[in-house]
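Please walk me through this structure in the viewer. I would like to know what to select at each stop and what is there.

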Amino acid sequence: MSASNIRRLVFSMALLLISVQAASAADILIGDAKSQPESLTIAPGGVLIVGSASSPFVYKVRPGSTTAEKFIDVSTEGPGTFFFGMLADASTNTLWTCQLTPVPNTTPPARHTALRSFDLTTGAPKIRWNLPGDNNVCNDFTIGPDKALYITDTIPGRIFRLPAGASTAELYLDHPTLRGVDGITFLDGVLYVNNVIFNKLYRIPVDASGKPGTPVDIWIDQPIKGPDGMRAANGKLLIAENGSGKISALSVTGDKASLTVLKDGLNTPTGVEPAGDTIWIAERGAGKAISIPMPK
């Protein structure tokens with residue numbers, strides 16, 4: 001072997017070692033190339049949990065590993081069952097998920113969805129709450145300052161609230177602009193949601209009694225396309241843009257926001273999760289979970 005080939009081999013082995021050991025260089029195939037990971041979350045100890053939008057499984061990846069293991073299996077729930085949102089709540093050792101099951105022989109296609117929770121350690125089922133209505137899409141959620149869980153229902157366009165310790169959610173907000181609501185998170189105590197259909201970001205105002213009002217449109221200095229999963233970190237909103245293949249950070253001031261692209265060229269990114277100095281990304285179109293460094 002020539003000296004140049006040896007150098008290339010050593011360099012390749014070094015890159016492989018780095019990709020296995022460092023979260024900031026991770027590239028993890030979830031199940032197979034068709035697994036379509038839609039959302040992900042970090043559990044205590046750095047365990048990565050990833051749901052599949054094309055199979056009835058939730059996977060976990062242990063720290064330092066690039067191999068995904070099946071963690072939750074709901075294949076008995078009915079043909080075509082899959083998952084959207086994933087959120088780990090370490091304080092209650094709970095994994096929150098959105099489970100979707102198609103309704104057979106419906107035109108246009110309909111689905112029933114449920115908010116489900118599982119033991120974060122064992123995967124044992126805990127709460128199940130079926131969203132009301134004949135056709136709905138439980139999509140994502142966030143935990144508020146009040147410790148309640150806030151849940152987006154993309155179609156018909158609603159936000160539900162599950163009080164801490166409760167097993168049944170209540171309608172929090174139903175408004176025409178919410179049709180297409182997807183990502184949801186609190187930033188500095190303020191609730192924000194995005195709209196994956198109309199490419200919008202909204203602030204949800206709340207009056208003195210705690211009642212939500214009409215969503216306020218946030219003007220962004222650059223267009224966004226297909227805003228999907230959304231989380232808050234370091235005083236900014238992190239958004240996965242599934243329509244443009246980007247992960248973006250938004251600095252919000254009042255009713256305006258400035259956008260910075262953190263990563264582009266992705267194949268349908270749908271989920272984003274900050275974890276210390278790392279941002280995890282669900283790259284649904286590539287069947288992978290990847291990570292990038294958190295910007296300073």
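The tour below goes from a pocket to a sheet and then to a single residue. The model is predicted.

**Stop 1: the largest pocket**

Select Asp89, Thr92, Trp96, Ala164 and Gly165. Among the 16 residues lining the largest pocket, these are the closest to its centre. The pocket's volume is about 290 Å³. Colour the lining by class and you will find eight nonpolar, five polar and three charged residues.

**Stop 2: an open sheet**

Next, show β14, β15, β16 and β17 as a cartoon. These four strands make an open sheet in that order, with antiparallel pairing. At the edges are β14 (181-187) and β17 (216-217), and each of them pairs on one side only. Zoom in on β16 (residues 200-204) and β17: the two strands run antiparallel and are joined by two bridges. To see one bridge pair, select Tyr202 together with Asp217, its partner in β17.

**Stop 3: Asn194**

Move to strand β15 (residues 190-195) and pick Asn194. Is Asn194 buried or exposed? Asn194 is buried, because its relative accessible area is 0%, and buried means under 20%. Draw a distance from the Asn194 side chain to the backbone nitrogen of Gly183; it reads 2.9 Å. Finally, display what surrounds Asn194. Beyond its neighbours within four places in sequence, Asn194 is in contact with residues including Val181, Asp182, Lys200, Leu201, Pro227, Met230 and Ile239.

Definitions and conventions. Residues numbered from 1 in each chain as written. Predicted model: local features only at pLDDT ≥ 70, side-chain atom pairs only at ≥ 80, totals over all residues. Heavy atoms only, no water. 1 Å grid on protein atoms, 1.4 Å probe; cavity = no way out; pocket = protein on both sides within 12 Å on 5 of 7 lines; lining within 4 Å. Points joined across faces, edges and corners; volume = space filled by probe spheres on them. Nonpolar A, V, L, I, M, F, W, Y, C, P; charged D, E, K, R; others polar. Pairing = 2+ DSSP bridges. Buried < 20%, exposed > 50% of the residue type's maximum accessible area, 1.4 Å probe, protein only. Polar contact = N/O pair within 3.5 Å; in protein donor to acceptor, adjacent residues only side chain to side chain. Contact = heavy atoms within 4.5 Å.
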